[in-house]
Amino acid sequence: MKGGRQRIDFEGVSAQIRPETVTLAAADIAIVEQNFDFDLLTPAKLMEKAVGREVTIVRVNPATGAETREQAEVLATNGGVVLKIGQRIEVLRDDGLPVRVIFDKVPDNLRARPTLSVTIDSAHPGMRPASLSYLTPGLGWKADYVALYDEAAGKIDVQGWITLTNSSGTAYENAQTLLVAGSPTQVSSPGPTTWRQPSRRPALEQAGTESGSRERLGDFYLYPLPERTTIANLQTKQVGFLDVHGVAAEHGYEFRNHWLGTTDQPQSAKSIYRFSTSAHAGLGDQLPAGILRFYMRDKRGEPQFIGESRIDHTPMGSTLSLVTGDAFDVKVQAVVEKRTRVNEHDWKTDMRYELSNASPRPLTVTLLQDGLWGDSRIDTESQKSTRRSADTAEWNVSIPANGRTVLTAGFDTRF
Amino acid sequence: MASRLSGWNLSAAAIALLLACTPSQSQSPVTDARAAPPSAYSATIYRDPYRSSGSVDLDRLGGFALITETRVVHLQKGDNWLRFEGVADGIEPESAIVTGLNDAIVEKNRDAAGLSPSALVAAAVGKTLVLARTNPKSGRVERVPGTILSDAEGGVIFRSDEGIEALRCSGSPETLTFEGTQGLRAHPTLSVRVRAQRELTSTATLSYLSHDFDWAADYTATLSQDGRSMDLGAWVTLANGNGTGFPEARTQVVAGRVNRESGEVEPLDIGGPIVAKCWPRGSTSDLPMQLQFALKSRELSLRAVTQTAAAPVAASLAEVMAGGRRVQQEQLGDLKLYRIQEPTTVASRQSKQVRLLDRSAVPVAAVYGIELGDDENPRNAAGALPASRYLRTVNTEANRLGIPLPSGHVQVFAIRQGQRLLEHESNLRDLAINEEVEIDLGPSPDVQVETTGTGHSHRVEISNARASPIQFELKLRLRDGARIVDANRKVDTKNGRPIFRLTLPPNTTALVRYETAGSP
């Protein structure tokens, strides 16, 4: 910097910079003002700013190829360019013949990219390090997990990757990168704020209570990348952060029937995988939100994809239960057998659930019947249920290998 | 659009970047390494999880595949940028897994900035290059060195010794010539930064999920003369809509619905032409505004068409694998995996068929039926309705089946005068062993159902114009709390709903009368 008042341009800041969040810090300077110029250098702007000024025009004779140069004054650019050449007034390229227009300079605040400039008052001249910080949208990250399930041992190996995406329009060379897991509230962020698909089935079965050794920022966790890296524009970058082997995992089935749900055809039950994130018997880490992809080895030992599931930010010590898809061989047909109105306030509903298993091993399905809100009772049932919540009854139904189990229940409800 | 998407990104997580004030202090040099083309491929194709049944739509392949490539890599000691070129264009980079490099991977990258005219210009902003201008008369090319000052909003501004000019606004032929491709790649590329302890040559495996694939089972059922049995054959039809082919790949397909999470935001660059927008070009003989608009919109729609044509569209180059190439089924967790026993080429933009099964003389029963809904629904009183015809069997070994049947499309043929004639086409869902198989044969005009009646008493008249006896099922869908209190025939219950099962002799009619009661 020189001494005194001066303007410093910062090129190569994010193309989506939020200029109101800029902070410049350096020793012995005072900030006078900060400007963000977003008037872009385009041919139309260049011509517009040349109104009232002289430009050089070059005509090429189409017959001879000879060039003639003239000075012209730009009078107007409304709809077409009107030029004054000597005492003549002409419309630029009105006759369709080639005319080159040469400008002698670029107007001051027209730029190829939006540019941030800061006017400072420097106490003394000389080189000193300065840091510029600002917020920008267009950068994001999430976690991606690869889980390899070993069916015989009932264990999973899990690798976690941080996936960083940059669509901010700018590359960040040799950057020290720190990721914050959690959702900092942004009040003034443009456009819609958080939008997430409402999850149909919660993945988090039990929230954990363990603390890890990761650095925290308030209630968020920090994931620093181990070394400086270049984040190019439109790049997807992945860096590993978790590698755990041989964590115990359970495989189960679940079927949820909605109130008065009745089908003509059996429906597949969901395949569920359940594991812990605790330090002693699980993954032993906090899991940032992302997608967990499950793989399993086929008969030839090659890993094959068997489905994926989204998880939210998960504290350590939690139990996760994730759906990977529908089980081909395990089906449930729920049928409303009988529904009678006992009196004005009472309905009796007889449900029949037929669970079938086409696989050569016995298994257990967690059968859920929801919609039992209010004053609802189960009068009769062929197997004892537990009430998971006021709304949902749960049965753990065993089905023999290549067999069927029928469960019946009678509900007494007000609707 | 960009800011909206990125707004989502930012609210999900936050990133802090500290840019180096002085360029790389202590970084060791990074060697550029290119992985050899794949020596072996494996492709496992999954169905579109949101398509419940039916066959593959070649124009919109909603399934995906797990691609595994085996490649030989040569690494220098130290840090290497290892590039895997020619991966499928539908690659989902976050799903990439690289094994066989002794776990020394520092980071994985996928650069979506593809090589396109506009990307070339964008990468050249601020750099020196050459403008070539052709004299229309002499054809002499004048090469002017200069710098691109801006490519903002599609207009290119160029500085040479003569001054500042806008590209292609003069009307004379002008073009830019670039040196090198500025690190932009024409083919989808995944790159990995690997830290090698020593120089080594190793076999690496890259696997990833890629969209633009799909598969379905295509069944053909041929009914016997008496209609009491059918021959069932099926193909696995798989399709690849990617621009990348997989020669001699170990190929598998997986049946059963797997969970997929969508809504991911991922940078994507579709590239674009150099537009060279200029200053206003109105002239003294301007077209009226309306006409101008019409011309513009035509231009726009033309451009839209060209862009669609450039996007990957699945061409229907079908290939039928004849001669004994079959699939073998195995269990994969709760899914069914079908393996094509020999390696096969899954070419780009191709659909391929491999034999799934052949079963002859599967006993079937033909049943006619209709489902009648709510009592007072005027549609049911609107004269006669044709009944539907179904073929029924159970998926057991006794019925010469007893195998998992993946969902797909069924074509039913009958043989008449020595010819196979198409009777009906319908869809089939995933059917496990021991499940009932029901193939819809469409409405039958020979069997008509007429309903009459008032309030709670109903009459249903069924007429059979066929020369053979038929089985008929009348299913009722009563309103909540209603029940049948009286009927002239025996009422059964199927799936919680009343059903009348009757046999109609040839060329007769039958009458079903029933009374309902209950709320409201």
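Is A:Leu234 buried or exposed, judged by its C-beta neighbours inside 10 Å? A:Leu234 counts as buried, because 20 C-beta neighbours lie inside that distance. Keep in mind as you look around that this is a predicted model. The predictor gives the complex an ipTM of 0.81 and a pTM of 0.81. The points below start with confidence, move on to domains and sheets, and end with some single residues.

**Chain B at a glance**

- Chain B contains three helices and 32 strands.
- Of its 520 residues, 35% count as buried.
- If you take the contacts in chain B between residues at least 6 apart in sequence, 76% of them join residues at least 24 apart.

- A friendly word of caution: where pLDDT is low, the predicted coordinates should not be read in detail.

**Domains**

- In chain A, the domain assignment gives domain 1 as 4-40 + 111-133 and domain 2 as 43-102.
- The C-alpha centres of these two domains of chain A are 37 Å apart.
- In chain B, the assignment gives domain 1 as 125-177 and domain 2 as 364-517.
- Taken over C-alpha atoms, the centres of domain 1 and domain 2 of chain B are separated by 75 Å.

**The five-stranded sheet of chain B**

- Five strands of chain B make an open sheet in the order E11-E10-E9-E8-E12, and their pairing is antiparallel.
- At the edges are strand E11 (163-166) and strand E12 (174-177) of chain B, each of which pairs on one side only.
- From one strand to the next, the twist averages 40°.
- Strand E8 (residues 128-134) of chain B is joined to E12(B) by four bridges, with the two running antiparallel; B:Leu131 has B:Leu176 in E12(B) as its bridge partner.
- Seven bridges connect E8(B) with strand E9 (residues 141-150) of chain B, again antiparallel. Here B:Ala132 is the bridge partner of B:Arg143 in E9(B).
- The hairpin of E8(B) and E9(B) has six residues between the strands, and B:Gly139 in this hairpin takes a positive phi near 75°.
- E9(B) and strand E10 (residues 157-160) of chain B run antiparallel and are joined by three bridges, with B:Ile148 partnered by B:Phe158 in E10(B).
- Six residues lie between the strands in the hairpin of E9(B) and E10(B), where B:Glu153 has a positive phi near 50°.

- Four bridges pair E29(B) with strand E32 (residues 509-517) of chain B in the antiparallel sense, and B:Ala487 stands opposite B:Tyr514 in E32(B).

**A closer look at B:Arg497**

- B:Arg497 belongs to strand E31 (residues 497-504) of chain B.
- This arginine, B:Arg497, is partly exposed, because 17 other C-beta atoms lie within 10 Å.
- B:Leu476 is 21 residues away from B:Arg497 along the chain, and their C-alpha atoms are separated by 6.3 Å.
- Leaving aside residues up to four places away in sequence, B:Arg497 touches B:Lys475, B:Leu476 and B:Arg477.

**Two residues with a positive phi**

- As background, most residues other than glycine have a negative phi.
- A:Leu234 is not a glycine, yet has a positive phi of about 60°. A:Leu234 sits in the loop between strand E17 (229-231) and strand E18 (235-257) of chain A.
- B:Glu248 is not a glycine either, and its phi is positive at about 45°. B:Glu248 lies in strand E16 (residues 246-255) of chain B.
- With 14 other C-beta atoms within 10 Å, B:Glu248 is partly exposed.

How values were computed:
Residues numbered from 1 in each chain as written. Chains lettered and ligands numbered in written order. Predicted model: local features only at pLDDT ≥ 70, side-chain atom pairs only at ≥ 80, totals over all residues. Pairing = 2+ DSSP bridges. Axes fitted to C-alpha atoms, helices over the stretch in contact; angles between N-to-C directions. Domains from an automatic or database assignment. Buried ≥ 20, exposed ≤ 12 C-beta atoms within 10 Å, placed from the backbone. Contact = placed C-beta atoms within 7 Å.
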